[in-house]
Amino acid sequence: MSRLVVVSNRVALPAKGKQASGGLTTGIFDALRDTGGIWFGWSGEIAGKQAAEPKVTKADGLTYATVDLPRKDYEGYYNGFSNAALWPLFHYRLDLMSFTREDFAAYQRVNTLFADALISMLHPDDLVWVHDYHLIPMAENLRRAGAKQRIGFFLHTPFPSFGVLAALPHYDSLLESLCAYDLVGFQTNEDLTAFHEAVCRGASGAVLPDGRIRAFGRTFRAGVFPIGVDPDAIAEMAVPAVKSRTLRRFEEGIRNRQLIIGVDRLDYSKGLEHRFKAFACFLERYPENRGRVRFLQIATATRSNVPEYRALRQRLGALAGDIAGRFSELDWTPMQYLNRSFSHRSLCGFLRISRIALVTPLRDGMNLVAKEYVAAQDPGDPGVLILSPFAGAAYELDGAIIANPYDPDAVAEALQMAAQMTLDERCERWRAMMMILRRNNITAWRENFLRALGETRSQLS
Ligand code: ADQ
């Protein structure tokens, strides 16, 4: 079996005495443990000057190799090109895209630095798996440094349609970088189709009859690999979590009211402002629910160095305050809005006791919370998932109520339908979704990707 080398922006270093938490981390960790591989990426540390050698840590049969980033490059690579240009672009928010040539140059420099640090650690037969939009030029840089290994890339976010992609200066350079991989993986068919179109229209490439792609003088594969969760592990975590002190105290506070939950990173792609307004619309249009429901929104702050995220946090705080001021009674508050984070175990507990989940991103590659919510439910009394059609998860979870987040009335109607849904219908919808979650679980995701990558032949070998 080939050794696996995973490359991602951040590396989940083994914390003493702590288990790897979160589905994706665990999924990658398991894949690496199978092959005794390397997990390579940024240490999360800013170095005064460029760190030449990667720091290597060995634990649990794995090798973790991390590099520090020079401050100047960190700003341009991470806060700049990755999170202020690519992230909004890939989520169809051209209005928020902020591009500078300096940021793009820093992005290229960091990818070169990563490739130069990694190349000497590679064995000839390794499979290299690069993750996400921060590291699109990795394969190109590794090839330039002489790598002949098979290199795959998985994009966790959506891939935008060509009309949107073309707004990015130097988009053709990114396309060329993507074409240096042996396999490029996407979450949904829509993303793959958009990539095909970009390659054909933006790079004069072609999709061959057998599905391979030819562009920039190379032939490679692209495919759909929807990321999954481990539904049984989530259920196992959720059952005891409900009995924890935190959860018991919280449940006492809501006193048998129907709990509506949202769990997201605080990010404009997650549609939180639209969601808050839709919840207000629901209370307005269906006043019989006042006093009977509680909306719990957990939104942990991320990327606080990017100005748009700070502005969003302020707007959300004001909106939550408005809703509380408008609808609260002396003995009832409609919503709780928390900017703190919880352990994955507690989150699974919150998901389990929630009668309705609102997963209404404006765009999302997949959205694992949607899948985690379904997996955490009590099979005898499952809750209802309300899901945006713009989340990758909507391609699989057809037992959810699909509601357009841009239409507050549609989300309000979905909430009313969910609140009134019979046990039989809830069970039927839940069973249909669980079947899909079990089939497309996290193990299937990584095995399918790595099998497909293993079956490719390096273009240079
Ligand atoms: P994210 O945008 O981070 O991931 P998501 O898939 O919803 O989005 O969440 C990833 C993980 O973070 C989940 O396991 C979830 O439980 C956890 N999480 C989310 N909000 C949290 C919170 N407030 N507190 C604690 N934990 C929280 C990116 C893409 C997604 C894609 C994933 C995986 O943007 O579209 O589904 O990668 O490919």
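This report walks through a few strands, a helix and the ligand site of a predicted model.

## Around strand E4

Let's start with strand E4, which spans residues 62–70. It's mostly covered: 9 of its 9 residues are buried. Strand E4 has pairing partners too. One is strand E2 (residues 38–47), which runs parallel to E4 and is joined to it by 7 bridges. If you want a spot to look at, find Trp39, which stands opposite Tyr64 in E4.

Another partner is strand E3 (residues 55–59), and here the two strands run antiparallel, with 5 bridges between them. In this pairing, Val56 sits opposite Ala65 in E4. E3 and E4 make a hairpin, with 2 residues separating them. Take a look at Asp60 in that turn: its phi is positive, at about 50 degrees.

## One face of helix H6

Next up is helix H6, covering residues 171–178. Its buried residues are Tyr171, Leu174, Leu175, Ser177 and Leu178. Looking down the axis of H6, you'd find these buried residues within an arc of 160 degrees, so they line one face of the helix.

## The open sheet

Now for a sheet of 6 strands. At the edges are strand E13 (335–338) and strand E16 (401–402), each of which pairs on one side only.

Inside that order, E11 and E12 run parallel and are joined by 9 bridges. To see one of the pairings, pick out Gly262: its bridge partner in E12 is Gln297.

## Where the ligand sits

Some of the contacts can be traced atom by atom. Thr300 places a polar side-chain atom 2.7 Å from a nitrogen atom of the ligand. Gly365 uses its backbone instead, with an N or O atom 3.0 Å from a ligand oxygen atom. Leu368 also has a backbone N or O atom by a ligand oxygen atom, at 2.8 Å. On its own the ligand would expose 690 Å², and the protein buries 85% of that.

Key
Residues are numbered from 1 along each chain as its sequence is written. This is a predicted model: local features need pLDDT of at least 70, side-chain atom pairs count only at pLDDT 80 or more; totals for chains, interfaces and linings use all residues. Side-chain values use heavy atoms; hydrogens and water are left out. Buried means under 20% relative accessible area, exposed over 50%, partly exposed in between (1.4 Å probe, protein chains only). Helices (H or I, at least four residues) and strands (E, at least two) are DSSP runs, numbered from the N terminus. Two strands pair if DSSP finds at least two bridges between them. The arc is that of the directions from the helix axis to the C-beta atoms. A polar contact is a pair of N or O atoms within 3.5 Å; within protein, one must be able to donate a hydrogen and the other to accept it, and residues adjacent in sequence count only if both atoms are side-chain atoms. Accessible areas come from the Shrake-Rupley method with a 1.4 Å probe; for residues, only the protein chains shown count as cover.
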